[in-house]
Amino acid sequence: MSDKPEVTQSVMTETEGRPVRIQVREWTVEVSAGPDKGKKITTQDSLVRVGSDSASDLVLTDPTVSRRHLEIERTAKGLLLRDLGSRNGTYLDGRQVIQVVLQSGDKVQLGKTKLSIKPDTRTTEVEVPSGADAFGSLVGASERMRILFSDLRRIAREDMNLLIEGETGTGKELAARAVHQHSARRHGPFKVVDCNLITEEKAERELFGSMRAADDEEKGVRGVFEAAQGGTLFLDEVGELPLALQPKLLRVLETREVPTLNGGAVPVNVRVIASTHRNLEEDVRQGRFRADLYFRLAVARVRLPPLRTRRDDIPVLAHSLLQALKANFELTSQTLALFEGYDWPGNVRELRNVLERGALMQETGNTSWLDFMAQPQQKPDASAAPHTSVGALVVGMNYHEAKDRVLADFERFYFAEVMKEVGFDMKAAEQRTGLSMQSLYRLLKKNGLRLKDLKNAEGLEK
Ligand SMILES: Nc1ncnc2c1ncn2[C@@H]1O[C@H](COP(=O)(O)OP(=O)(O)OP(=O)(O)O)[C@@H](O)[C@H]1O
């Protein structure tokens with residue numbers, strides 16, 4: 001669980017423009033009955049997700065509990081419990097509940113498990129710079145994000161390894177880039193490795209660098225650790241790294257060198273930033289992730305909060321994303337209210353995608369935000385023919401902006417169609433597109449096209 005503080009009360013202690021001291025509180029969710037009795041989580045974060053899925057904050061082994069069963073959010077109105085469409089439901093005093101503000105002493109029942117929630121376990125004070133509502137390309141005006149920006153700024157200076165946790169689309173990669181840009185390494189390279197793609201065969205060559213043959217060296221083949229020399233290496237979705245490879249990564253991190261095949265070693269000077277959407281601590285407990293590697297990676301640790309827990313960021317994010325999209329329309333207060341009432345399962349990426357679609361459709365006078373937001377994750381927009389409205393949109397732009405825009409539309413359309421055409425088989429897509437697997441994944445991700453969502457849209461996945 002994150003060490004991010006949740007703001008519960010603001011106390012101005014200094015004049016405007018100077019740091020503000022705010023009080024943060026810890027709270028605890030504990031299993032009081034059931035197979036996981038005694039298990040608990042104490043956190044300063046505002047959201048606790050409970051379920052059998054290993055990405056939950058409180059992971060339960062009770063087989064009557066759904067993978068994503070419920071979540072409890074600390075809001076200004078109190079502790080808000082939401083059932084996440086669980087199979088066996090969530091009960092309070094024998095009554096099934098979908099969404100409810102918890103009262104003190106409430107016992108929550110899910111399957112054979114009972115939870116007790118203890119607010120205010122401990123209070124501490126933290127300092128937040130006032131007015132800092134962006135860090136690199138990350139935007140956010142909420143106090144939670146401002147605290148996060150100040151943590152990231154400090155971590156950037158300190159050159160330690162960093163683990164960034166957060167749901168999909170919360171900005172983990174943007175945060176990693178921003179840390180790099182604010183560090184002493186900013187003039188060095190920023191290299192990304194998608195750990196979903198690292199197989200045991202590829203690892204030696206691509207990840208651990210110089211385990212290379214002499215002739216590779218002549219051909220100039222360098223592993224990514226060497227390519228990131230003097231800079232930052234971003235290990236995206238590090239929780240997906242096969243167990244067999246974890247000791248090798250650990251060794252490189254410990255020795256700060258990559259071995260060569262001839263028995264030598266090349267020193268590497270690289271800061272590692274890793275990201276995960278999983279609950280890695282739980283993976284460590286379950287033996288899926290090595291504890292020693294976890295502690296090497298998580299010297300500093302931050303969690304990017306889901307958008308639904310910082311709805312006050314939505315207006316500023318929406319305006320800034322629209323600006324970046326060069327979209328030429330105003331968001332009405334009704335639209336913003338609609339946005340603020342929606343849960344954004346795909347987080348900021350989903351908001352950006354919705355705005356992008358809105359920008360295109362508005363040109364044809366068809367904007368209906370509700371349609372876009374109904375199931376945006378299930379309907380990746382890429383297949384929406386871009387040429388119908390893009391012409392009208394780009395004539396107002398300069399050449400470079402227009403080109404970027406048309407290219408982005410083309411990419412989304414092209415990749416969504418190709419993936420459907422090849423039956424979502426990445427190997428076949430690699431051949432069809434002539435791109436490397438790594439580039440293919442990155443372009444899919446860049447365009448907000450997740451394989452799972454595309455399959456969902458085709459009804460291929462539950
Ligand atoms: N705080 C933010 N400010 C501005 N844009 C943001 C922010 N967070 C996310 N975004 C937008 O969402 C997109 C996705 O962000 P990013 O790729 O960093 O998310 P992620 O957490 O790494 O996602 P995933 O886990 O799916 O890889 C970005 O390209 C950007 O447009």
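**Chat about a predicted model**

Biologist: Which residues of helix α9 are buried?

Modeller: In α9, residues 314–324, the buried ones are I314, L317, A318 and L321. Buried means 20 or more other C-beta atoms within 10 Å of the residue's own, exposed means 12 or fewer, and partly exposed is in between, with C-beta atoms placed from the backbone. Helices (H or I, at least four residues) and strands (E, at least two) are DSSP runs, numbered from the N terminus.

Biologist: Why do they line one face of the helix?

Modeller: Seen down the axis of α9, the buried residues fall within an arc of 100°, so they line one face. The arc is that of the directions from the helix axis to the C-beta atoms. An α-helix has 3.6 residues a turn, so residues three or four places apart point the same way.

Biologist: What kind of model is this, and how are residues numbered?

Modeller: It is a predicted model, where local features need pLDDT of at least 70, side-chain atom pairs count only at pLDDT 80 or more, and totals for chains, interfaces and linings use all residues. Residues are numbered from 1 along each chain as its sequence is written.

Biologist: On to the ligand. Which residues come nearest?

Modeller: T168, G171, K172, E173 and V348, out of 19 residues around the ligand. A residue counts as near if its C-beta atom, placed from the backbone, lies within 6 Å of the molecule or strand in question.

Biologist: Which elements supply at least two residues of that shell?

Modeller: β14 (138–139), α2 (172–181) and α11 (347–363) each do.

Biologist: And where does the ligand lie relative to the domains?

Modeller: Between domain 2 (129–212 + 221–303) and domain 3 (308–374), because both give residues to the shell. The domain bounds come from an automatic or database domain assignment.

Biologist: Is W344 buried or exposed?

Modeller: W344 is buried, with 23 other C-beta atoms within 10 Å.

Biologist: What about E237?

Modeller: E237 also isn't a glycine, and has a positive phi of about 55°. E237 sits in the loop between β17 (232–236) and α6 (246–255). E237 counts as partly exposed, because it has 19 C-beta neighbours inside 10 Å.

Biologist: How many helices and strands does the protein chain have?

Modeller: 17 helices and 21 strands. Of the 462 residues of the chain, 38% count as buried.
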